[in-house]
Amino acid sequence: MVESTSAATSHRATEILASARTMCDPVLREAVSSLPEPLCLMGGYHLGWWDAEGTATPQPGGKALRPALTVCAAVACGATPRAARAAAAAVELVHNFTLLHDDVMDADQIRRGRPAVWAVWGIPDAMLLGDALHALAGRILVTGLPGRTATAAVARLESAVIEMCHGQHKDCRFRSGGHVDVEEYARMAMGKTGALMGCACALGALCAQADLATVSAMDTFGRELGMAFQFVDDLIGIWGDPQVTGKPTSDLARHTMSLPVVSALGSGTAAAAELATMYDRDPAAMDIARATALVESAGGRQNTQQLADNRVRAAIAALADPAAAADLMVLAGLVSRRNH
């Protein structure tokens, strides 16, 4: 019975994500097609619509989790899914703008199983495409939502972008060395990942003309879920299957201070001391298998999963009426169980 319930929930999550992707796709295509070349070509490539020459060869796109959160939040607040379509597309564009910039900053050459935009067209064009997608997001909100709602939505989205930039700044600073504790890491993750997911849910509530208390509760739900998402992402960055994720598990190879590593280093164990010594050496000399074993031995994997589960519970607790937000509950469960 438990297995059948889990399978049914997983199937429903797949339906929710597919529905959000289908709803947003025309808006995204219209927006990207309005860009001048080569930005249009690069944008469609990044979103998986065609190859680097512009030939339609559909590739796996993003999960569409953030637009799905926007739509489901709107429905939970009494609106139709279509009422949140513009906001959902805007959130997806901002998410993809950050991915383009992240790939450059992290020197990740693979995105969704094929060369990242910067690896094909170069760093300047990848950064410019990210900026263009950001601009498109604002335009979609202004043209796709009623005046007062659009104003509030743009203000909230741009505040989230500023918070994301601050979070990314902290993440980059962590890479330069020095001690990082779990609390400091969590504050960084709230900005880097929690802010946009919170914004996605808040925008859904705004599209439903919800009151400020409800908008705030949806923001909290999304932020907590975003934290869980980042923590699970950190687990995948070490133990994920590249065949599933579409990119190599390179966090340890790059000496990334992800939550499992931060948690392990702070454990005060012999494994933590050995791991710290490895992190002080040249990344090229990193024994990935040994480092992975040390992180797990020091409790990094278990603690990170527990913290992710705690954030999912906090997200659900933020909902005034979980029974009225069934699809948001499904997405919360998906975040805690995902493998890519």
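**Loops, core and helix packing**

Colleague: Where does Arg 112 lie?

Modeller: The loop between strand E1 (110-111) and strand E2 (114-115) holds Arg 112. Helices (H or I, at least four residues) and strands (E, at least two) are DSSP runs, numbered from the N terminus. As for the basis, this is a predicted model, in which local features need pLDDT of at least 70 and side-chain atom pairs count only at pLDDT 80 or more, while totals for chains, interfaces and linings use all residues. Residues are numbered from 1 along each chain as its sequence is written, and side-chain values use heavy atoms, with hydrogens and water left out.

Colleague: What is phi of Arg 112, and is the residue buried or exposed?

Modeller: Its phi is near 55°, a positive value in a residue other than glycine. Arg 112 counts as buried because its relative accessibility is 18%; buried means under 20% relative accessible area, exposed over 50%, and partly exposed in between (1.4 Å probe, protein chains only).

Colleague: Which value does phi of Ala 64 have, and where is that residue found?

Modeller: Ala 64 has phi near 65°, which is again positive in a residue other than glycine. The loop between H2 and helix H3 (65-76) contains Ala 64, and at 6% relative accessibility this residue counts as buried.

Colleague: Turning to prolines, what is the peptide bond from Glu 37 to Pro 38?

Modeller: That bond is cis, with omega near 5°. Pro 38 sits in the loop between helix H1 (2-33) and helix H2 (39-46).

Colleague: What does Leu 35 touch?

Modeller: Leaving out residues up to four places away in sequence, Leu 35 touches Cys 40, Leu 129, Ala 132, Leu 133 and Leu 136, where contact means heavy atoms within 4.5 Å. Leu 35 also belongs to the loop between H1 and H2 and counts as buried at 11% relative accessibility. Its C-alpha atom is separated by 42 Å from that of Asn 310, 275 residues apart along the chain.

Colleague: How many residues has the largest nonpolar core?

Modeller: It has 83 residues, and those with the most contacts inside it are Leu 35, Leu 69, Leu 133 and Phe 221. Another core lies apart from it, with 28 residues, among them Met 188, Leu 259, Val 261 and Ala 298. A nonpolar core here is a set of buried Ala, Val, Leu, Ile, Met, Phe, Trp, Tyr and Cys residues joined through side-chain atoms within 4.5 Å.

Colleague: Now the helices. At what angle do H4 and H6 pack?

Modeller: Helix H4 (residues 85-106) and helix H6 (residues 123-144) pack at about 165°, their axes being 8 Å apart. H4 is therefore roughly antiparallel to H6. Angles under 35 degrees count as roughly parallel, over 145 as roughly antiparallel, 65 to 115 as roughly perpendicular and the rest as oblique. Axes are lines fitted to C-alpha atoms, for helices over the stretch in contact, and angles run from 0 to 180 degrees between N-to-C directions.

Colleague: Which residue classes make up the contact of H4 with H6?

Modeller: That contact divides into 18 nonpolar, five polar and one charged. Ala, Val, Leu, Ile, Met, Phe, Trp, Tyr, Cys and Pro count as nonpolar, Asp, Glu, Lys and Arg as charged, and the others, Gly among them, as polar.

Colleague: And how do the axes of H4 and H7 cross?

Modeller: The axes of H4 and helix H7 (residues 147-174) cross at roughly 20° and come within 12 Å, so H4 and H7 are roughly parallel to each other. From H4, Ala 90, Val 94, Phe 97, Thr 98, Asp 102 and Met 105 meet Leu 157, Val 161, Met 164, Gln 168 and Cys 172 of H7. By class, the residues of this contact are eight nonpolar, two polar and one charged.

Colleague: Which residues of H9 meet H15?

Modeller: Met 218, Phe 221, Leu 225, Ala 228, Phe 229 and Val 232 in H9 meet Leu 328, Leu 331, Ala 332, Val 335 and Ser 336 in H15. This contact has 10 nonpolar, one polar and no charged residues. The axes of helix H9 (residues 212-239) and helix H15 (residues 326-337) come within 9 Å, crossing at roughly 20°.
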